[in-house]
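Here are my notes on the model you sent over, in the order I'd go through them on screen. Have it open beside you as you read.

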Amino acid sequence: MKNILIIILTALCICACQSFQELEKNPNVPANSPANLIFNGILNDMATQPDEERPWKKGARWNQFYTINYNYYGNNEYDWTSSTSMFNTLKNVVKMEEEAKKATGKDLNPYSALGKFFKAYFFVWMTQRIGDLPMNEALKGTENTSPKYNTQKEIYLQALKWLDESNDDLSKLIAAGDISLQGDIYLSNNLKAWQKVVNTYKLRVLVALSKKETDGELNIKARFAEVINNAAKFPIMTGMSDNLAYKYNSTYNKYPINPDNFGFDATRQQMSSTNIDILKATQDPRLFFIAEPAEAQIKKGLAQTDFAAFIGANPGESLDDMSTKALNGQYSFINRNRYYKNYSPEATIQIGYIEMCFNIAEAANRGWITSNAEDWYTKGIQASQGFFDIKNGENTAVLETRNGANATSAGYTVKFNFTDFYAQPAVKYTGNNAKGLEQILNQKYLGFFMNSGMEAFYNWRRTGYPANFAKSGAGIGNSGVIPRRWLYPNSERIYNEANYKASIQSQFGKASESINDELWILK
């Protein structure tokens, strides 16, 4: 009995020495998350959020890379409503920075350096969709549940500041030999590679501001020239191996279209005339690696590698007409051998060398820098063709063609010589003039194929090129007009109503917003 009393008194003593908060803690739930695990999640969000911007999803149709011919699987309409928000990911960026500082005791560490890049990336991602955003007062949790909006200009200025700070921090870490970064699914924890990504992305941001090139505060021309003229301070990508590219596998991370869904949608999707017609006009062999010849054209006697055998559907066409024509074999399907053969046909580039080449060429064409525009223009074309393993000499393109119920797949020899290809008047750079700019932008559009989210659309929205981008028709939706922006997330209208309404009035001069409103960046 005495022993029992001792045990009880001891237990009571222990309980008395513990606070309620300590007893409340669940030992099976982690109290914090290592920075590298949060970092890994942010990297995945870059490529997978929102789902519509992944390859062969809605975003690719809005880029007019391909079309759908069967309404069960979707349509080609620009049915934009409220935009996705990336504030949850940005909260994780802040948490990553906090955990990294807690673990290292230092403000300067790889996660904080890349955190600045991520803030620039995700705020720009959101603002180019919808416009002004809460930024300075955002991400403060319960301290401020109704943050005021920053203008789109302020967001871009802050993004450029973050990118410069990220570059400076990475330089210091690299000089110190820091190798503490972990959890990197893109660049094997290589800070030098990340620094190239940061500065290459900065060039994208500056080009996106081309309509504001006379704005003294933004100072776009000088900022762009500073990067190009000081490679030691602002290293940029030098080849395709520097790409920030999302890789796939056959188990838990499969390419969006693959053998699993071949039977469901392989013949419900065909190529868009916007993309196909540019390739046909320049006799570009990339055509044979992304598309298949139309069945009706083969029945007419055309060869499988005859450029005339490839027909894309106009995205503005009504779905009923498109479905009928697709059923009759009048359109080219996507290349089923390339995209349905396995689970990892290609990596998806988020920020890459191909785009960078054309961004530099565009800046040179506009007179921002003294670099040779033609040199960067040709580098971009060759890099994009190299993405499909196209080389001088003989190339093998595997094409599936259908004759009624019978389908055949075979390899066809495609001979290619870049010098001859480039000599075509439609391809050879015409100089730093309006036509030369159109050539750069057309090739940039082709280089974006199934890469970089909605960048192909944003470039068309900014410049009007490619000129054959379908701009009207029943298939477009929105009364036959391509919208200019998304609406704000519902959460802003519900929980931040006063600031939301003030922002709409400030941006668009009215009480309500529309997907047809023009953003500041485009004015």
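1. Let's begin with the second largest cavity, which comes out at about 120 Å³. This is a predicted model, by the way. Its second largest cavity has 15 lining residues, and Gln128, Ala208, Tyr458, Asn459 and Arg462 are the ones nearest the centre. Two or more residues come from each of H8, helix H16 (353-365) and H20. H20 is the top contributor here, giving five residues. By class, the lining of this second largest cavity splits into six nonpolar, three polar and six charged residues.

2. How many cavities of 30 Å³ or more does a search of the whole structure find? The answer is six. The largest cavity has a volume of about 360 Å³. Its lining runs to 33 residues, with Glu53, Tyr121, Ser452, Gly453 and Met454 closest to the centre.

3. Which elements supply the lining of the largest cavity? At least two residues each come from H3, helix H4 (58-62), helix H6 (110-130), helix H8 (191-208), strand S6 (348-351) and helix H20 (455-463). H6 has the largest share, five residues. As for classes, the lining of the largest cavity holds 18 nonpolar, nine polar and six charged residues.

4. Threonine 48 is worth a click while you're there. You'll find threonine 48 in helix H3 (residues 35-48). Is threonine 48 buried or exposed? It counts as buried because its relative accessibility is 19%, and the cut-off for buried is under 20%. Outside the four places on either side in sequence, threonine 48 makes contact with Arg54 and Tyr246. The C-alpha of threonine 48 is also 9.8 Å from that of glycine 453, although 405 residues separate them along the chain. Glycine 453 has already come up, as one of the residues closest to the centre of the largest cavity.

5. The largest pocket holds about 490 Å³ of space. There are 19 residues in its lining, and Phe87, Lys91, Leu139, Pro147 and Glu492 lie nearest the centre. Helix H5 (87-104) and helix H21 (490-495) are the elements giving two or more residues, and H5 gives the most, with four. Sorted by class, the lining of the largest pocket has eight nonpolar, seven polar and four charged residues.

6. The second largest pocket is put at about 240 Å³. It is lined by 11 residues, and the closest to its centre are Thr267, Arg268, Ala326, Leu327 and Phe333. Helix H14 (residues 319-327) has the largest share of this lining, three residues.

7. Arg268 has something else going on: its charged end sits over the ring of tyrosine 70, 4.0 Å from the ring centre. Another charge over a ring is lysine 379, which lies over the face of tryptophan 376 at 4.2 Å from the ring centre.

8. On to the rings. Searching the whole structure gives 51 aromatic pairs. Take tryptophan 56 and tyrosine 339: the ring centres are 5.0 Å apart and the planes are at 65°, so this pair is edge-to-face. Tryptophan 56 is in the loop between H3 and H4 and tyrosine 339 in helix H15 (residues 336-340), so the pair ties together parts 283 residues apart in sequence. Tryptophan 56 is buried, at 4% relative accessible area, and tyrosine 339 is buried too, at 0%.

9. Compare tryptophan 460 and phenylalanine 469. Their ring centres are 4.5 Å apart with the planes at 15°, so this pair is stacked. Tryptophan 460 counts as buried at 7% relative accessibility, and phenylalanine 469 counts as buried at 1%.

10. Last stop, asparagine 167 in helix H7 (residues 152-175). Its relative accessible area is 0%, so asparagine 167 is buried. What does asparagine 167 touch, not counting residues up to four places away in sequence? The list is Gln195, Val198, Asn199, Lys233, Phe234 and Pro235.

Definitions and conventions: Residues numbered from 1 in each chain as written. Predicted model: local features only at pLDDT ≥ 70, side-chain atom pairs only at ≥ 80, totals over all residues. Heavy atoms only, no water. Buried < 20%, exposed > 50% of the residue type's maximum accessible area, 1.4 Å probe, protein only. Contact = heavy atoms within 4.5 Å. 1 Å grid on protein atoms, 1.4 Å probe; cavity = no way out; pocket = protein on both sides within 12 Å on 5 of 7 lines; lining within 4 Å. Points joined across faces, edges and corners; volume = space filled by probe spheres on them. Nonpolar A, V, L, I, M, F, W, Y, C, P; charged D, E, K, R; others polar. Phe/Tyr/Trp six-rings, centres within 6.5 Å; stacked < 30°, edge-to-face > 60°. Lys NZ or Arg CZ within 6 Å of the ring centre and 35° of its normal.
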